[in-house]
Amino acid sequence: MDDTIAVIGGGWAGCAAAVELARRGHRVALFEAAPVLGGRARRVMRDGLALDNGQHLLLGAYAETLALADLLRRPSDGPAWSASPLALRPLSRDQGNALSLTAHSLPAPFGLALGLLTASGLSVTERLAALRWFARHRRGGYRVSPSATVSTLLQELPRRVRAHLWDPLCLAALNTPPARASAQVFANVLQAAFDTDAAAARVVLPRIDLADALPGPATRWLTARGHAVHTATNARIRGIGPEGIDIDAHGRRMRMRAAVVAVAPHQLPGAFDRTVADASPAIATALRDTARLGYEPITTVYLGYAAAPGLPRGLVRLDDAPGHWIFDRSDILARAATVNDPGRPRVLWAVVISAGGPHGDLGHPALVRAIDAQLRRSIGSLPAPCWSQVIEEKRATYACVPGLPRLRCGHLEGRVYVAGDYTYDAFPATLEAAVRSGLAAARALADDLNRGCAAAAAARDSTRAP
Ligand SMILES: Cc1cc2nc3c(=O)[nH]c(=O)nc-3n(C[C@H](O)[C@H](O)[C@H](O)COP(=O)(O)OP(=O)(O)OC[C@H]3O[C@@H](n4cnc5c(N)ncnc54)[C@H](O)[C@@H]3O)c2cc1C
């Protein structure tokens, strides 16, 4: 038997699992079906520009992702992330949902409290109602009914507090509309962001493309230490036995000591041969539970301009018709080798639309026109975009609804373990959930192997003649 542990899936969960196993002294082979690592957080090349497949942002509370990325980067790499206090700004003060709020970097929960008290776009009564509501949930330990939706959680609040503040934050954090989103997961995010430490509510944005933020450094780190990273390689578990795990990859069968399956939920059936799934009640249950998950898309519309006015600083909210948030991604142009091409845009914006909606029925050209019209409502002098791209991820995240059947990260069957954003139920589908699940699965596997070795050694010793 090969002593290697297979990690199937090279998204951020698989990268985290592979690195953690390697750090604990195990030999690892990482298999990724796509030509590049990264999964749902990856680089996409369009017209020579290295775009992200969607704007990703983290909260300061998402500490495991930041710690792993730091571990993998070389001192010469320079900073990968920029962090700033969470500041919500409208693109235009005239838009119906204009709210301006900054969660200050103060010991929790004073950062949010001060932010609410000084917010503009809400009346004093509304701000006090928001504060009282937050304080009440804080006193309750952020425990809410497991069947409650975010809309139920917010129903006592004035309409504008819901519509201008918590509804958009729910949609951004859970990628699920408040009417269907899990109140408990939303409460977990509120607690992590606003009630842990002063840095937790900071917004952390990658300063480089997503591939360079973690998957690229993970590949470099693993291969430099003699571990194998196979891209464009579909891997499938063909057998689970006491001797090891049989895996088909590269058109051949190999026997591994153990495996971590870190694929997206809809990809789980493809990671197991039918006979393996039929023979294992645990795998059959896992497949049945994940088959019940629904999915939500995220659409990113990149618009390039020869020139454009600066955006407000912070997280810039649109009027939701149809775009939700806008980001200045001119950093992508600055990194492009052909930036001096006179035809290239000089300013690049990314407009993000979370979850599904009527925009899903528009073709890409019509969606670009709709976003252009939306931006012109706020910025009358905006020139026409000279370049555009639409990236629609149809299964960006699972729909984070209450009462989901959950496959939990860790042990599944024999020496097969699972990871992936959907297996970490405290947080919604995020990079942090993916990374935490990968670390947890790797630690459980390494601990079980250690215990197994210790038990085997004890059994050996007890059979030795005195
Ligand atoms: C557009 C968009 C925007 C997002 N915005 C944010 C954000 O702002 N903040 C945030 O925290 N999160 C965000 N997310 C969510 C985040 O990207 C995901 O939660 C995270 O990337 C999931 O990682 P994962 O490793 O669990 O799964 P995945 O990234 O899906 O990785 C699974 C990998 O397994 C591979 N695979 C599948 N089957 C096999 C097989 N049989 N053999 C080998 N390989 C296989 C797949 O190719 C894939 O690469 C966003 C997602 C999208 C799509």
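Which residues does Phe-272 touch, not counting residues up to four places away in sequence? I started my notebook with that one.

**Entry 1: ground rules**

I am working with a predicted model, where local features need pLDDT of at least 70, side-chain atom pairs count only at pLDDT 80 or more, and totals for chains, interfaces and linings use all residues. Residues are numbered from 1 along each chain as its sequence is written, and side-chain values use heavy atoms, with hydrogens and water left out.

**Entry 2: Phe-272**

I listed the partners of Phe-272: Arg-236, Ile-237, Val-261, Ile-283, Leu-412 and Val-416. Contact here means heavy atoms within 4.5 Å. I found Phe-272 in the loop between strand 14 (258-261) and helix 10 (274-279). Helices (H or I, at least four residues) and strands (E, at least two) are DSSP runs, numbered from the N terminus. Phe-272 counts as buried because its relative accessibility is 2%. The cut-offs are under 20% relative accessible area for buried, over 50% for exposed, and partly exposed in between (1.4 Å probe, protein chains only).

**Entry 3: domains**

I looked up how the chain is divided. There is domain 1 (5-75 + 207-294 + 402-457), domain 2 (97-201) and domain 3 (295-398). These bounds come from an automatic or database domain assignment. The C-alpha centres of domain 1 and domain 2 are 32 Å apart. Between these two, 11 residues of domain 1 are in contact with 17 residues of domain 2.

**Entry 4: the ligand**

Where does the ligand lie? Domain 1 and domain 3 both give residues to the shell around the ligand, so it lies between them. I counted 34 residues around the ligand, and the closest are Glu-32, Arg-40, His-56, Leu-57 and Asp-421. To count as near, a residue needs a heavy atom within 4 Å of the molecule or strand. By class, the shell has 16 nonpolar, 14 polar and four charged residues. Ala, Val, Leu, Ile, Met, Phe, Trp, Tyr, Cys and Pro count as nonpolar, Asp, Glu, Lys and Arg as charged, and the others, Gly among them, as polar.

Next I checked distances. A backbone N or O atom of Leu-57 lies 2.8 Å from a ligand oxygen atom. For Asp-421, a polar side-chain atom is 2.7 Å from an oxygen atom of the ligand. Taken alone, the ligand exposes 1,000 Å², and the protein buries 94% of that. Accessible areas come from the Shrake-Rupley method with a 1.4 Å probe; for residues, only the protein chains shown count as cover.

**Entry 5: Arg-329**

I found Arg-329 in the loop between strand 17 (325-328) and helix 12 (330-335). Arg-329 counts as buried, at 4% relative accessibility. Its side chain makes a polar contact with the side chain of Asp-52, at 3.1 Å. A polar contact is a pair of N or O atoms within 3.5 Å; within protein, one must be able to donate a hydrogen and the other to accept it, and residues adjacent in sequence count only if both atoms are side-chain atoms.

Most residues other than glycine have a negative phi, and most peptide bonds are trans. I noted exceptions. A cis peptide bond joins Ala-108 and Pro-109, with omega about 0°. The bond from Ala-321 to Pro-322 is also cis, with omega near 0°. Asp-47 is not a glycine, yet has a positive phi of about 50°. Tyr-142 has a positive phi near 60°, and Tyr-142 is buried, with a relative accessible area of 3%.
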